[in-house]
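Morning, everyone. Please look at the model on the screen while I walk you through a few parts of it.

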Amino acid sequence: MTNRNFIVALLIVVSLSSCGGDDYTYTPIEFPDDATTVEEPNITDEALLDLTQETTFTYFWDYAESNSGAAKERYHPKDPQKDAQVVTTGGSGFGLMAILVGIERGFITREQGVERIEKILDFFTAADRFHGAWPHWLNGSTGNVIPFSEKDDGGDLVETAFLAQGLICISEYFKNGSEAEKELANKATELWEGVEWNWYTQNQNALYWHWSPTYSFDINLELKGYNETLITFILAAASTDYSIDKEVYTQGWASNGGIASNANQYGYPLVVNHAGGSNYGGPLFWAHYSYLGLNPKELSDQYVNYWTANVNHTKINLNYSIENPKGFKDYSENCWGLTASYSRNNDGSIGYNAHQPSNDIGVISPTAAISSIVYTPEESLKAMRYFYSHKDKLLGPAGFYDAFSPEYNFWVADAYLAIDQGPQIIMIENYRSGLLWNLFMQSEAVQNGLQKLGF
């Protein structure tokens with residue numbers, strides 16, 4: 001596959017990644033033109049963080065898939081039965097981490113958390129796997145694969161990595177607990193250690209996203225930086241039985257140093273070449289998904305300082321909204337955040353789009369700014385205050401709704417996606433206590449993987 005074709009293919013995947021097509025059509029909320037006039041919200045920063053974490057937690061607790069206890073791909077409050085059986089593998093990894101936050105914050109008891117996690121791990125133990133990797137979607141009632149697309153009916157290595165990130169945190173959290181908790185920790189370890197990461201190299205110095213029992217490696221989408229897939233290489237190197245060679249990382253992800261960039265925007269070095277080639281950086285979830293457990297602070301290899309890359313990516317995204325070259329209503333230091341999420345179609349219906357400075361249609365995704373709080377704490381809190389000031393429109397039963405647009409009469413996509421809700425509760429916790437970073441980074445296997453790849 002040529003570089004250009006790879007980029008095109010990758011952007012298609014980004015546009016669909018973890019969400020897929022949503023053929024459900026309804027009329028999202030729209031408000032009068034004067035609806036954006038609000039008073040400064042009277043709430044402390046700590047109370048706002050508490051509120052955001054607790055409401056977002058309900059996505060993974062109250063609105064989890066009923067049979068498996070795992071995370072649903074999506075939740076539409078107006079139609080709660082829509083895709084109610086569709087379990088997301090990566091989003092469930094985020095959900096496992098969210099449950100640990102729920103225990104620590106007192107949203108649930110430790111005993112409740114253990115019971116739910118046991119249910120989730122039992123489900124993934126029995127669910128379809130393909131050379132150890134789980135598919136993108138599973139049927140929560142049967143554990144059978146739900147094809148994400150025609151040829152994507154087998155293992156999804158990136159979604160599997162997001163789940164494994166959560167499993168490692170579970171293992172570290174419970175490994176010194178009661179006998180039942182130690183058993184739970186061991187089960188989590190066995191699950192992630194069963195992934196045959198090296199199968200997905202096709203015996204090359206590369207990792208490939210998909211394998212199908214019907215179509216084999218026909219999708220042929222190689223993982224190359226910079227995007228959301230770094231965690232996949234770390235875990236593949238960390239594996240005891242199915243580890244990859246360092247060259248898979250250096251020649252694959254890092255392109256032998258080609259990942260590094262000299263580009264600069266708003267005075268901030270971009271640091272890495274983002275897939276798609278924009279000097280403004282890609283969607284902000286690229287700075288979130290791999291770093292929910294993997295701590296980017298002091299994370300450097302021979303080519304890149306990932307903390308600097310993520311901080312600058314976020315600040316470039318913020319400054320783009322402050323500059324607001326397209327003149328969209330309300331874009332500012334208070335209203336910002338472009339990432340992949342639900343979106344507004346031209347006819348006002350709900351769709352999905354990989355929002356970023358090079359693909360800006362006037363839609364803000366709250367998860368973008370909220371999940372960036374570890375990189376831009378003051379700026380993210382300003383955005384959260386803006387979202388909260390519109391809580392009558394933006395705050396729903398499972399946290400802030402997925403997307404909105406002041407430009408179009410304050411249009412709101414009053415729906416949720418697991419992969420957008422999860423990073424909010426997790427990154428807020430990493431900002432407050434470092435919980436998930438500490439758990440993941442204390443894993444001996446993770447440290448071995450990082451060392452093997454030269455971090």
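**A covered strand and its hairpin**

Start with β10, where both faces are covered: Ile350, Tyr352 and Ala354 are buried on one side, and Gly351 and Asn353 are buried on the other. Buried means under 20% relative accessible area, exposed means over 50%, and partly exposed is in between, using a 1.4 Å probe and protein chains only. Strands are DSSP runs of E with at least two residues, helices are runs of H or I with at least four, and both are numbered from the N terminus.

Quick ground rules. This is a predicted model, where local features need pLDDT of at least 70, side-chain atom pairs count only at pLDDT 80 or more, and totals for chains, interfaces and linings use all residues. Residues are numbered from 1 along each chain as its sequence is written, and side-chain values use heavy atoms, with hydrogens and water left out.

Back to β10. Five of its five residues are buried, so β10 is largely enclosed by the rest of the structure. What about β9? It is mostly covered, with five of its five residues buried.

How do β9 and β10 pair? They run antiparallel, over five bridges. Two strands count as paired if DSSP finds at least two bridges between them. Tyrosine 342 has tyrosine 352 in β10 as its bridge partner.

Now the turn. The hairpin of β9 and β10 has five residues between the strands, and glycine 348 there takes a positive phi near 90°. Serine 349 sits in that loop, between β9 (340–344) and β10 (350–354). Its relative accessibility is 12%, so serine 349 counts as buried. The side chain of serine 349 makes a polar contact with the side chain of aspartate 347, at 2.6 Å. A polar contact is a pair of N or O atoms within 3.5 Å; within protein, one must be able to donate a hydrogen and the other to accept it, and residues adjacent in sequence count only if both atoms are side-chain atoms.

Next, an open sheet of three strands, in the order β2-β3-β4, with antiparallel pairing. Which strands stand at the edges? They are β2 (86–88) and β4 (145–146); each has a single partner strand, so one side of each is left without a neighbour in the sheet. Three bridges join β2 to β3 (residues 137–139).

Serine 92 is in helix α3 (residues 89–105). Is serine 92 buried or exposed? It is buried, because its relative accessibility is 2%. A polar atom of its side chain lies 3.1 Å from the backbone nitrogen of alanine 71. Serine 92 touches Ala70, Ala71, Val87, Phe124 and Leu163, leaving out residues up to four places away in sequence. Contact here means heavy atoms within 4.5 Å.

**The core and the cysteines**

The largest nonpolar core has 144 residues. Such a core is a set of buried Ala, Val, Leu, Ile, Met, Phe, Trp, Tyr and Cys residues joined through side-chain atoms within 4.5 Å. Leu100, Phe174, Tyr306 and Phe387 have the most contacts inside this core. Helix α5 (residues 157–174) gives the most to this core, with 12 residues. Phenylalanine 174 has a list of contacts beyond four places in sequence, including Leu100, Ile103 and Arg110.

How many disulfides are found? Zero, in a search of the whole structure. A disulfide is counted as a pair of cysteine sulfur atoms within 2.5 Å. Cysteine 169 is buried, at 0% relative accessible area. Cysteine 335 is also buried, at 0%.

Most residues other than glycine have a negative phi, and most peptide bonds are trans. Serine 216 has a positive phi of about 55°. It lies in the loop between β6 and α7. Serine 216 is partly exposed, at 36%. Asparagine 324 has a positive phi near 50°, and it is buried, at 15%. The peptide bond from glycine 225 to tyrosine 226 is cis, with omega near 10°.

Last, confidence. pLDDT is the predictor's confidence in each residue, from 0 to 100. The chain's mean pLDDT is 93, and 91% of its residues reach 70 or more. Over residues 1–18 the pLDDT is below 50. Over residues 20–38 the pLDDT is below 50 as well.
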